[in-house]
Amino acid sequence: MGRGSSGPSTGAPAPRGSMRQRLDRAGREAVKFGAVGGAGLLVNLLVFNLVRQVTDLPVVRASVVATVVAIVFNYLGFRYFTYRDRDKSGRTKEMSLFLLFSAVGLVIENGLLYAATYGFGWDSPLQSNIFKFLGIGVATLFRFWSYRTWVFRALPGAAAAAAAVPVAESGRAEGGRGAAGPPSRQRVP
C-alpha cells in the first residue's frame, strides 16, 4: 500500500526521513554552536584588545586572559542554549571535561599566536589580531568535536525518542492507538 493509505503501519520510519531528521538536528546544533561561538569570538577579541591597550601584559598573556574570559562565557552559552537538552547529570564531570578540552583549545589558539609573535616577530596589533583570529578558528574545530562528543553528550534515549515520535503520530493518524499499543488492524476492501 502507498503512503497515506489506511492499511497497517509497518512501524519503522522511512530511512530517508530519519536521515533528514538527523541532518536537521545537526544543522540546528551547528547554528546554535556558531551563535554562541560567534559571541564568544567577539568577547575574546574585545577582551584581548582591551587588555593589550590598558595593561602592559605581553601579547600571549593578554590572549590567555581573553581566552579564559571567553571560555567562561562559552560554557554558559553552550550549557544553557546550545546543549540545554543534553544530559545534565554529572555536572562535575561535564565541567571537568569542558575545562580540559578548553585548555587544549587554549593551547592551540595561543600556540599559533605565540609562534607568529615570537617565532616570526609578527607582533603589530594587526598581525596579533590576525593570528589570534586564526588560532581561534583552528581551536574551534577541535572544540566543536570534543564538546559534542565528550562534554555535552546526548541522552541515550533522546535519539530513539525523537525517531519514535513520527511513528506514534502516524499510528494515531491511521486509526491505531499510537504509542499506547499496536495499531488496530483494519480491513480494506
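**Close-up views of a predicted helical model**

Figure 1. E29 is a buried residue, its relative accessible area being 8%. The residue belongs to helix α1, which covers residues 15-54. In this predicted model, the contacts of E29 beyond four places in sequence are T82, Y83, R86, F144 and R148. Two of these partners, Y83 and F144, also belong to a cluster of linked aromatic rings.

Figure 2. The C-alpha atoms of A35 and F81 lie 9.7 Å apart in space, although 46 residues separate the two in sequence.

**Figure 3. Crossing of helices α2 and α3.** Two packed helices are described by the angle between their axes and the distance between the axes. For α2 and helix α3 (residues 91-119), the axes come within 10 Å and cross at roughly 145°. The crossing of α2 and α3 is right-handed. On the α2 side, the contact is formed by V59, V60, S63, V64, T67, V68, I71, N74, Y75, F78, R79 and Y80. Helix α3 contributes R91, E94, M95, F98, S102, L106, E109, N110, L113, Y114, T117 and Y118. Sorted by class, the residues of this contact comprise 14 nonpolar, six polar and four charged ones.

**Figure 4. The aromatic pair Y75 and F98.** Across the whole structure, 16 aromatic pairs are found. In the pair formed by Y75 and F98, the ring centres are 4.9 Å apart and the planes stand at 65°, so the arrangement is edge-to-face; the angle is over the limit of 60 degrees for that class. Because Y75 is part of helix α2 and F98 part of helix α3, the pair ties together parts that are 23 residues apart in sequence.

**Figure 5. The cluster of linked aromatic rings.** Through ring pairs, F33, Y75, F78, Y83, F98, F144, Y147 and F152 are joined into a cluster. Y83 and F144 are in contact with E29.

**Figure 6. Overall arrangement and confidence of the model.** The protein chain contains five helices and zero strands, and from the N terminus on its elements follow the order α-α-α-α-α. Of its 189 residues, 29% are buried. Among contacts with a separation of 6 or more, 71% are between residues 24 or more positions apart. The chain has a mean pLDDT of 80, with 72% of the residues at 70 or more. Confidence is highest in helix α2 (residues 59-82), at a mean of 94, and lowest in helix α5 (residues 158-173), at 46. Residues 1-7 have a pLDDT below 50, and this stretch makes seven contacts in the model beyond near neighbours in sequence. The pLDDT also stays under 50 over residues 162-186, where the model has 30 contacts beyond four places in sequence.

Methods
Residues are numbered from 1 along each chain as its sequence is written. This is a predicted model: local features need pLDDT of at least 70, side-chain atom pairs count only at pLDDT 80 or more; totals for chains, interfaces and linings use all residues. Side-chain values use heavy atoms; hydrogens and water are left out. pLDDT is the predictor's confidence in each residue, from 0 to 100. Helices (H or I, at least four residues) and strands (E, at least two) are DSSP runs, numbered from the N terminus. Contact means heavy atoms within 4.5 Å. Axes are lines fitted to C-alpha atoms, for helices over the stretch in contact, and angles run from 0 to 180 degrees between N-to-C directions. A crossing is left-handed if the near helix is turned anticlockwise from the far one by less than a right angle, and right-handed if clockwise. Ala, Val, Leu, Ile, Met, Phe, Trp, Tyr, Cys and Pro count as nonpolar, Asp, Glu, Lys and Arg as charged, and the others, Gly among them, as polar. Rings of Phe, Tyr and Trp (its six-membered ring) pair if their centres lie within 6.5 Å; planes under 30 degrees apart count as stacked, over 60 as edge-to-face and the rest as tilted. Buried means under 20% relative accessible area, exposed over 50%, partly exposed in between (1.4 Å probe, protein chains only).
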